[in-house]
Amino acid sequence: MTHAPVPWPTLRRSLVAILRGIRPEETEAAVLALAQAGFELIEIPLNSPDAFRSIEIAARALPDTLIGAGTVLETADVDRLHDAGGRLLVAPNVDAAVLRRAGEHGMVTMPGVFTPTEAFQALRAGASALKFFPAVVLGTTGVSAIRAVLPADCTVGVVGGVGDRDFAEFGRIGVRTFGLGSSLYKPGFTTAELQARAVASVTAYDAAFPG
């Protein structure tokens, strides 16, 4: 059965907080701090300790926030993500079977791409948005060149080596979606450290995209 792509949500700030390495006992305080700062998209990569437990905790704490998993590589993990209450699926690659299963669960999806071929494969498989990764390698020149051949309504996000200082530069080529990893969170950060970085990121985003 073919499912129509789930659209990328329309939010004030299209910022994905990537909490790679977070532990379940740290999760609730961390996601509440992110939500208070203004984040509405939170990703917990599956190569984090007991990731599905953390996703379950986060989804329960913030039922109105789009919580999900990153580094999703197998269809079985899509089912586990759904069972944990996750509604966002992020991957470093394009796997049509994974994207189809996510579509069956009504998930918002953002697979990783690096080339025009991968970008169109992802769109054909029903991706909600494209994650250009690692964006630091492509830069604005590379992303802009690929965006030129993509559908005008395609949501493009950049992840990997990007942070607050890059918002305005990527904004000039029409990118408004960013995944923030190590610039926002590293294992061992206190909730206060995370919240301070989250507030700084939101402030920088609002300055780059005031409307």
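**A buried serine, a bent helix and the overall fold**

At 11% relative accessibility, Ser128 counts as buried, a class that comprises residues under 20% relative accessible area, with exposed meaning over 50% and partly exposed in between (1.4 Å probe, protein chains only). The model is predicted, and local features need pLDDT of at least 70, side-chain atom pairs count only at pLDDT 80 or more, and totals for chains, interfaces and linings use all residues. Residues are numbered from 1 along each chain as its sequence is written, and side-chain values use heavy atoms, with hydrogens and water left out.

Ser128 is located in the loop that joins helix 5 to strand 6; helices (H or I, at least four residues) and strands (E, at least two) are DSSP runs, numbered from the N terminus. The side chain of Ser128 reaches the backbone oxygen of Val6 at 2.4 Å. Not counting residues up to four places away in sequence, Ser128 touches Val6, Pro7, Trp8, Met107, Val108, Thr109 and Thr155, where contact means heavy atoms within 4.5 Å.

The peptide bond from Phe133 to Pro134 is cis, with omega near -10°. Most residues other than glycine have a negative phi, and most peptide bonds are trans.

Helix 6 spans residues 135-147 and has 13 residues, yet its end C-alpha atoms are only 13 Å apart, short of the 18 Å that a straight helix would reach at 1.5 Å a residue; the expected span is 1.5 Å times one less than the number of residues. A bend of about 65° occurs in helix 6 at Thr141, the bend being the angle between axes fitted to the seven residues ending there and the seven starting there. The buried residues of helix 6 are Ala135, Leu138, Gly139, Thr140, Gly142, Val143 and Ile146. Their cover includes helix 5 (116-124), strand 6 (130-132), strand 7 (156-159) and helix 7 (167-171).

Thr71 has a positive phi of about 55° and is placed in the loop between strand 3 (66-70) and helix 3 (75-83). At 22% relative accessibility, Thr71 counts as partly exposed.

Helix 3 also contains Asp77. Leaving aside neighbours within four places in sequence, Asp77 is in contact with Leu46, Phe52 and Val72. Asp77 and Arg101, 24 residues apart in sequence, are separated by 9.8 Å in space, C-alpha to C-alpha.

At the level of the whole chain, the secondary structure comes to eight helices and eight strands. The radius of gyration is 16 Å, close to the 17 Å that the globule rule gives for 211 residues, so the chain is as compact as a globular protein of that length; the radius is taken over C-alpha atoms, and the rule is 2.2 Å times the number of residues to the power 0.38. Taken along the principal axes, the C-alpha atoms fill a box of roughly 45 × 40 × 25 Å. Of the 211 residues, 50% count as buried. Among contacts with a separation of 6 or more, residues 24 or more positions apart account for 60%. The accessible surface comes to about 9,400 Å², of which 51% belongs to carbon and sulfur atoms, as computed by the Shrake-Rupley method with a 1.4 Å probe.

Conventions
Polar contact = N/O pair within 3.5 Å; in protein donor to acceptor, adjacent residues only side chain to side chain.
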